[in-house]
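Visitor: Could we go through this model together, starting with the surroundings of its ligands?
Guide: Gladly; here it is.
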Amino acid sequence: MKIGVIGTGYVGLVTAVCLADLGHDVVGTDVVEDKIDKASRGISHIYEPGLEELLKANLKKGNLSFTADLDKAIQSSDVLFVSVNTPQKEDGSADMTFVESVSRTIADNLNDYKVVVEKSTVPVKTSMWIKKTITSCKKKDVDFDVASNPEFLREGSAVSDFLNPDRIIIGVETDKARDILVKIYEKFKDRILVTNIDTAEIIKHASNSYLALKISYINLIAELCEKTDADVNQVAKGMGFDPRIGSQFLKAGLGYGGSCFPKDIRALTKIGEDLGVNMNLLREADRVNLDRIDFFVEKTKKALWILKDKKVAVLGLAFKPETDDIREASSIKIIKRLLDEGSYLRLYDPRAMENMRKIFPEEPPQISYVKSPYEAVKEANALLIITEWDEFKELDLKKIKEVMDNPIIIDGRNVYDPSEVRELGFEYYSIGRQ
Ligand code: UDX
Ligand code: UDX
């Protein structure tokens, strides 16, 4: 099977590499030539565990290549996975400009039968628009099909999610397209669910919004726990034993970020409301999530009283551990608020500092990027934990206490045991726990 992957970003690059690893002949393409140049040389432009090794291995095998020539990539492929970005517009809906322009380019280059597969998260009915666009713009009388095959890749574990999927959703409208896609994912045939295209599109949005709801729910419960003697980690554990609830995605903290949940919950809200469905349940989940930032900044103020001129160590910038991605990361909003208050920030993250510098350039003494957590906490008045990297769980807290001006930890991800850190002499605040 000859497969083209259009857009080799976080999703597309993993998709291209993993499809090649399944044995297909894959060409990846992107408008950003630097990404293509790097990928062709076996360098991943994103940090994703296991990706670069697999990229190199499949380039060597010879069935994976990258090109900036989109026309050629389309012409030489039987199946095209479209994984360009679908950013959020001001009204919350997804901007489909890139998907539209790719559809036009596919139409221009349609030389024989192809299946055009939406991989990006798109509003329901997008396939109809792709089909309409290609039909009205194609130059040759050639047949094609549209399909939806949403991704369920978590950044930080995207490669293993791709190669060990819970389910493969295939939305199609013809048997021919179904057979082709089922063949691509033959290895996982016991986990394939074939549906119509609208269903597949909604499965993606409904899954992400449900997970976002679950996170907002536990964050709301965390607020309640703080006003009582309860411990939200224990509450989540107790709830999670019930298989109807499940233990995953019940980690209270600073809320969800990333390129999917915040955008997808708003896009689904807009889709529903445009169709006359009351989507207030999702609006509330979004509000609870946004409130996490106020909640955390207030906690920091309560600990420090005045934030002006305070030296604050910020550990964790990525929107979650094991990625360099900072899209919609809580850290961005928190840093902005602390800078507005006049704090001096020393920032550290194992992978995401380069990306964060583009938003907040180094500007000592207000903003400094440092090489280690120990450097960040030197003479600090407080230590904030924003992302739960393993590195932070393993810190030598005794050493940290010695070098801080005030031993105060405000832990946004509940990485430490409250009694243990207090025993070491820290003043400790976390989420949903005393
Ligand atoms: C993906 C999905 O596409 C998005 O819908 C989902 O909600 C989140 O995950 P992601 O891979 O994270 O997006 O985005 P990004 O890393 O920005 O990758 C998109 C790639 O497409 C970029 O490399 C961009 O350069 C490329 N692109 C964009 C094209 O090649 N052509 C275009 O016309 C537009
Ligand atoms: C998500 C989906 O999980 C994945 O299936 C795909 O559709 C793309 O979007 P991703 O955004 O990469 O993946 O990461 P995920 O692990 O889902 O985390 C999203 C956000 O939720 C992160 O900010 C994380 O910190 C937060 N989160 C997650 C919590 O706050 N609590 C939890 O219990 C779990």
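Visitor: What is the make-up of the shell around ligand 1, in nonpolar, polar and charged residues?
Guide: The shell around ligand 1 consists of 7 nonpolar, 9 polar and 5 charged residues, where Ala, Val, Leu, Ile, Met, Phe, Trp, Tyr, Cys and Pro count as nonpolar, Asp, Glu, Lys and Arg as charged, and the others, Gly among them, as polar. Before we go further, this is a predicted model, in which local features need pLDDT of at least 70, side-chain atom pairs count only at pLDDT 80 or more, and totals for chains, interfaces and linings use all residues. Residues are numbered from 1 along each chain as its sequence is written, chains are lettered from A and ligands numbered from 1 in the order in which they are written, and side-chain values use heavy atoms, with hydrogens and water left out.

Visitor: And which residues are closest to ligand 1?
Guide: Asp30, Lys35, Val84, Thr86 and Lys263 are the closest of the 21 residues that surround ligand 1, a residue being near when one of its heavy atoms lies within 4 Å.

Visitor: Which side chains make polar contacts with oxygen atoms of ligand 1?
Guide: Among them are threonine 86, with a polar side-chain atom 2.7 Å from a ligand oxygen, lysine 263, with a side-chain N or O atom at 2.8 Å, and arginine 327, whose side chain also places an N or O atom 2.8 Å from an oxygen of ligand 1; a polar contact here is a pair of N or O atoms within 3.5 Å. On its own, ligand 1 has 690 Å² of accessible area, of which the protein covers 91% (Shrake-Rupley method, 1.4 Å probe).

Visitor: Where does that shell sit relative to the domains?
Guide: Domain 1 (2-195) and domain 2 (205-286) each contribute at least three residues to the shell around ligand 1, with bounds from an automatic or database domain assignment.

Technical notes: Polar contact = N/O pair within 3.5 Å; in protein donor to acceptor, adjacent residues only side chain to side chain.
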